[in-house]
Amino acid sequence: KVVPMETFIVNLAGSKGRRVAKVNMELELKEAEAEGKIAAEIEQRKAQIRDIIIIILSSKAYEEVSSREGKDNLRSEIKDTINSFLTTGKISNVFFTEFIYN
């Protein structure tokens, strides 16, 4: 089961507003938690989750997110950060469904 997040549009770090990233992502839930408890918690805490993701995304420079390795590191950082405060379960993966930057 996956939980889609709304679109994120952020200025990338160090760009003085000249580089913007538009990111869509979905959070994959661990199978054991797929019965709805973790999905309900994510829905209830969506503002907090969005805030954390925005902070993480906007702290990255273009060079950090433009490579596959950079995206993999970003995916891990988002997953680990969200999992650090969820109480009813964990997410197992973060999928980028759109990742555009200028």
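1. Buried means under 20% relative accessible area, exposed means over 50%, and partly exposed lies in between. Glutamate 77, at 29%, is therefore partly exposed. These are values from a predicted model.

2. Start with helix H1, residues 37-44. Its buried residues are Ile38, Ala39, Glu41 and Ile42. Viewed down the H1 axis, they fall within an arc of 160 degrees, so they line one face of the helix. An α-helix has 3.6 residues a turn, so residues three or four places apart point the same way. Lys37 and Gln44 are exposed on the other side of H1. The cover over the buried residues includes strand S1 (2-4), strand S3 (20-29), helix H2 (46-58) and strand S4 (91-101).

3. Next, strand S2, residues 8-11. Phe8 and Val10 form its covered face. Ile9 and Asn11 form the uncovered one. In a regular strand the side chains alternate between the two faces of the sheet. S2 pairs with S3 in the antiparallel sense, over four bridges. Phenylalanine 8 stands opposite valine 23 of S3.

4. Tyrosine 101 sits in strand S4. With 25% relative accessibility, tyrosine 101 counts as partly exposed. Not counting residues up to four places away in sequence, its contacts are Leu12, Val20, Ala21, Tyr62, Val65, Ser66 and Lys71. The tyrosine 101 side chain reaches the backbone oxygen of serine 66 at 3.3 Å. A polar contact of 3.3 Å also joins the side chains of tyrosine 101 and lysine 71. Valine 65 is 36 residues from tyrosine 101 along the chain, and their C-alpha atoms are separated by 9.2 Å.

5. How many salt bridges does a search of the whole structure find? Eight. One of the salt bridges joins the side chains of glutamate 98 and lysine 22, at 3.8 Å from N to O. Glutamate 98 lies in strand S4 and lysine 22 in strand S3, so this pair ties together parts 76 residues apart in sequence. Both ends are partly exposed: glutamate 98 at 24% relative accessibility, lysine 22 at 33%.

6. Glutamate 77 and lysine 60 also meet through their side chains in a salt bridge, at 2.7 Å from N to O. Glutamate 77 is in helix H4 (residues 68-83), while lysine 60 is in the loop between H2 and helix H3 (62-65), so the pair ties together parts that are 17 residues apart in sequence. Lysine 60 is buried, with a relative accessible area of 14%.

7. Last, lysine 46. This residue forms a salt bridge with glutamate 43, with the closest N and O atoms 3.5 Å apart. Lysine 46 is buried, at a relative accessible area of 13%. Salt bridges that share partners join Glu6, Glu43, Lys46 and Arg50 into one network.

Notes
Residues numbered from 1 in each chain as written. Predicted model: local features only at pLDDT ≥ 70, side-chain atom pairs only at ≥ 80, totals over all residues. Heavy atoms only, no water. Buried < 20%, exposed > 50% of the residue type's maximum accessible area, 1.4 Å probe, protein only. Helix = DSSP H or I, 4+ residues; strand = E, 2+ residues; numbered from the N terminus. Arc of directions from axis to C-beta. Contact = heavy atoms within 4.5 Å. Pairing = 2+ DSSP bridges. Polar contact = N/O pair within 3.5 Å; in protein donor to acceptor, adjacent residues only side chain to side chain. Salt bridge = Lys/Arg side-chain N within 4 Å of Asp/Glu carboxyl O.
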